[in-house]
Amino acid sequence: MAKKRRKLNKDFERKIYSSKKNVELVLAKIYDINDEDIQKEYMSAFNKVVYLYEELNEDYERQGFSDNSEELLTSYKNAFNLFVSEFEI
């Protein structure tokens, strides 16, 4: 039985790429914090955002664009925006 091809979506891939860059930028800023306690606090709070990004990316790599894709992207964006609003970075 042939493997089912995953459905691709260029616009969604751009959103994932942009999300990746946002995560990398915030992580770089967190790593630049000199106070270790503050750095740990920021990293702890940002871990949920990183987890949601990884889940989004892995889902797209595994299944391609699906009904679940937009929900994962929305969850990631909400978590990212919440982090940005709560933490000065």
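In the predicted model, residues 24 or more positions apart supply 70% of the protein's contacts with a separation of 6 or more. The secondary structure consists of three helices and zero strands. Along the sequence the pattern is α-α-α. The radius of gyration is 15 Å, well over the 12 Å that the globule rule gives for 89 residues, so the protein is more spread out than a compact globule. The C-alpha trace spans about 55 × 20 × 15 Å along its principal axes.

Of the 89 residues, 31% are buried. The accessible surface amounts to about 6,600 Å². Carbon and sulfur atoms account for 48% of that surface. The protein carries 15 positive and 18 negative charges, whose mean positions lie 11 Å apart.

Five salt bridges were counted. Two of them lie in helix H1, including the pair of glutamate 13 and lysine 10. Their closest N and O atoms are 3.8 Å apart. Glutamate 13 and lysine 10 are three residues apart, about one turn of the helix. Glutamate 13 is partly exposed at 26% relative accessibility, whereas lysine 10 is exposed at 62%. Aspartate 11 and lysine 15 also form a salt bridge, with an N to O distance of 3.6 Å. These residues, aspartate 11 and lysine 15, are four positions apart in helix H1, or about one helical turn. Aspartate 11 is partly exposed at 40%, and lysine 15 is partly exposed at 30%.

In helix H2 (residues 36–63), aspartate 59 and arginine 62 are three residues apart, about one helical turn. Their salt bridge has its closest N and O atoms 4.0 Å apart. Aspartate 59 counts as buried because its relative accessibility is 4%, under the 20% cut-off. Arginine 62 is exposed, at 55%.

Notes:
Residues are numbered from 1 along each chain as its sequence is written. This is a predicted model: local features need pLDDT of at least 70, side-chain atom pairs count only at pLDDT 80 or more; totals for chains, interfaces and linings use all residues. Side-chain values use heavy atoms; hydrogens and water are left out. Helices (H or I, at least four residues) and strands (E, at least two) are DSSP runs, numbered from the N terminus. The radius of gyration is taken over C-alpha atoms; the globule rule is 2.2 Å times the number of residues to the power 0.38. Buried means under 20% relative accessible area, exposed over 50%, partly exposed in between (1.4 Å probe, protein chains only). Contact means heavy atoms within 4.5 Å. Accessible areas come from the Shrake-Rupley method with a 1.4 Å probe; for residues, only the protein chains shown count as cover. Lys and Arg count as positive and Asp and Glu as negative; His and the chain ends are not counted. The place of a charge is taken as NZ of Lys, CZ of Arg, CG of Asp or CD of Glu. A salt bridge is a side-chain nitrogen of Lys or Arg within 4 Å of a carboxyl oxygen of Asp or Glu.
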